[in-house]
Amino acid sequence: MAGKQALNIVKMKKMKQEGTPLSMLTAYDYPSAKIAEEAGIDIILVGDSLGNVVLGYDSTIPVTLDDMVYHSRTVARGAEHTFIVADMPFMTYHSSISESLQGIRRLMQEGHAHAVKLEGGAEIADVVKATVQAGVPVLGHIGLTPQSVNQIGGYRIQGKDEADARRLMADAKALEQAGAFGIVLELVTEEVATAISKELSIPTIGIGAGRGCDGQVLVYHDLIQYASPYFSKRFVKTYADVGGLIRSSIEQYVSDVKGRAFPAQEHVFSADDRVVESLESLYGQAKGQAREQAKEKVESQS
Ligand code: KIV
């Protein structure tokens, strides 16, 4: 990947104008980020979905700022040439602007992110504005906002009626006006997401929001079926059964160890004959016979 230039928010806006879709994927650690970058993803999101798919929580609410900083830093090491957005977690940007900016500073300086994502609409426009004024690009996130799942009453589709459609459009415009460089639309009806995408000059990135968005985002573990509780959701397209592959590989390893098929001859290191002789003289016949016995065993298995 040497020489590859990370995308930036100016180019993203241009891509929208040109009708070039943006691909975004979550990643949470060095290997997932490295593979995503090698595969040519435009934007990596260090999502607080790591609470569900990496840390084993049943929501994103327990995820802390320390968790986000830690995971963002590992992602940045794996994807040095990719634009990285990191989520500000639950309740870290609601008490005061100055406290919010402290957390955002940590994601940028310690987590090495290029931008932050904040969930919410018009009600967080002031913190979006202050963040942008501080020089930090902000990705908005409206529709189903998982940090507010208890307020919303579950993981429900948004934008089903006219009032909801109007609310979503107003939130999208408030975020654009506050300076957000893009907006994630999560679980929004296709018609409403398409209308928002047409109305805004900044790109929309959809997840479960249909075909009219300017880009798409998926959760890494959903895309490859890697022990995700969500991959079977309707809006997710799975591209591989990596979880199944890992499981069968480990089953084979267990069986090889139990059946003494691993390690085999090609996996072992041999000492030279003098060492074998001195082992023999120091520890007696039994130790000296070890090599012969091992050889016999390998030969009988091959
Ligand atoms: O945390 C996350 O992974 C997200 C995506 C679902 C957009 O916010």
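**Close-up views of a predicted model**

View 1. L25 is buried, with a relative accessible area of 9%, where buried means under 20% relative accessible area, exposed over 50% and partly exposed in between, with a 1.4 Å probe and protein chains only. The model is predicted, so local features need pLDDT of at least 70 and side-chain atom pairs count only at pLDDT 80 or more, while totals for chains, interfaces and linings use all residues. Residues are numbered from 1 along each chain as its sequence is written, and side-chain values use heavy atoms, with hydrogens and water left out. L25 has its place in strand β1; helices (H or I, at least four residues) and strands (E, at least two) are DSSP runs, numbered from the N terminus. Leaving aside residues up to four places away in sequence, L25 touches A36, I41, I43, I44, L45, V217, L218, V219, Y220 and L223, contact meaning heavy atoms within 4.5 Å.

View 2. In α1 (residues 9-18), the buried residues are M12, M15 and K16. These residues lie on the same side of α1, because they cover an arc of only 100° around the axis, the arc being that of the directions from the helix axis to the C-beta atoms. Exposed residues V10, Q17 and E18 are carried by the face of α1 turned away from its buried side. The cover over the buried residues of α1 includes β1 (22-26), β2 (43-46), β3 (83-87) and α9 (190-199).

**View 3. The largest cavity.** About 390 Å³ of space lies in the largest cavity, with volume taken as the space filled by probe spheres set on grid points that are joined across faces, edges and corners. Of the 24 residues that line the largest cavity, S49, P146, E186, I207 and V219 are the closest to its centre. On a 1 Å grid over the protein atoms alone, a cavity is a set of points where a 1.4 Å probe fits but cannot get out, a pocket is an open set with protein on both sides within 12 Å along at least five of seven lines, and lining residues have an atom within 4 Å of a point. Strands β4 (115-119) and β6 (182-186) each supply at least two residues of this cavity's lining.

**View 4. The second largest pocket.** The second largest pocket holds about 490 Å³ of space. Among the 22 residues lining this pocket, the closest to its centre are G208, A209, G210, R234 and F235. At least two lining residues come from each of β1 and β8 (215-218).
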